[in-house]
Amino acid sequence: MASGRLYRRTEAGKAAWQRQDASVPVEYRRLLGLIEGDMHTDSLRGRFARYPEDEMVELLDELVRLGLLEAIEAKEHHDLDFTDSFKLADLRKAAANS
């Protein structure tokens, strides 16, 4: 799996989801509806639980080929759980001052 990727809907993907465009297969529209903002493959895995991992990757790649999603490589600076901004020393200082 391309575990270092983030997926997001393109404008075409947003429009297809919002209009429930019948020219886009219903399964693709369901997947588009599960993607909010930039989503890492680790987050998507839980939302795509009904799909085996290889099928999920194939579907995501197909949506990218169709221009409904875009995929970017996740960089180390993508702090997906927001813990990078917490410093233990800062937390202790704040606790001491309260």
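Modeller: The model is predicted, so local features need pLDDT of at least 70 and side-chain atom pairs count only at pLDDT 80 or more, while totals for chains, interfaces and linings use all residues. Residues are numbered from 1 along each chain as its sequence is written, and side-chain values use heavy atoms, with hydrogens and water left out.

Biologist: Why is H2 called roughly perpendicular to H4?

Modeller: The axes of H2 (residues 26-34) and H4 (residues 53-65) cross at roughly 95° and come within 11 Å. Angles of 65 to 115 degrees count as roughly perpendicular, under 35 as roughly parallel, over 145 as roughly antiparallel and the rest as oblique. Therefore H2 is roughly perpendicular to H4. The axes are lines fitted to C-alpha atoms, for helices over the stretch in contact, and angles run from 0 to 180 degrees between N-to-C directions.

Biologist: Which residues make the contact of H2 and H4?

Modeller: Tyr28, Leu31 and Leu32 of H2 meet Leu59, Glu62 and Leu63 of H4, where contact means heavy atoms within 4.5 Å. These residues divide into 5 nonpolar, no polar and 1 charged. Leu and Tyr count as nonpolar, and Glu as charged.

Biologist: What makes E1 and E3 a pair of strands?

Modeller: Two strands pair if DSSP finds at least two bridges between them. E1 (residues 5-9) and E3 are joined by 5 bridges and run antiparallel, so the pair meets the rule of at least two. Tyr7 has Ala71 in E3 as its bridge partner, and Arg8 stands opposite Glu70 in E3.

Biologist: How many bridges join E1 to E2?

Modeller: There are 2, and these strands run antiparallel. Leu6 stands opposite His40 in E2. The open sheet has the order E2-E1-E3.

Biologist: Why are E2 and E3 called edge strands?

Modeller: E2 (39-40) and E3 (69-73) each pair on one side only. H4 lies across E1 and E3, at about 110° to E3.

Biologist: What makes Phe48 and Tyr51 a tilted aromatic pair?

Modeller: Their rings are 6.0 Å apart, centre to centre, with 50° between the planes. Rings pair if their centres lie within 6.5 Å; planes under 30 degrees apart count as stacked, over 60 as edge-to-face and the rest as tilted. By this rule the count is 1 aromatic pair.

Biologist: Are Phe48 and Tyr51 buried or exposed?

Modeller: Both are buried, a term for under 20% relative accessible area, with exposed over 50% and partly exposed in between (1.4 Å probe, protein chains only).

Conventions:
Helix = DSSP H or I, 4+ residues; strand = E, 2+ residues; numbered from the N terminus.
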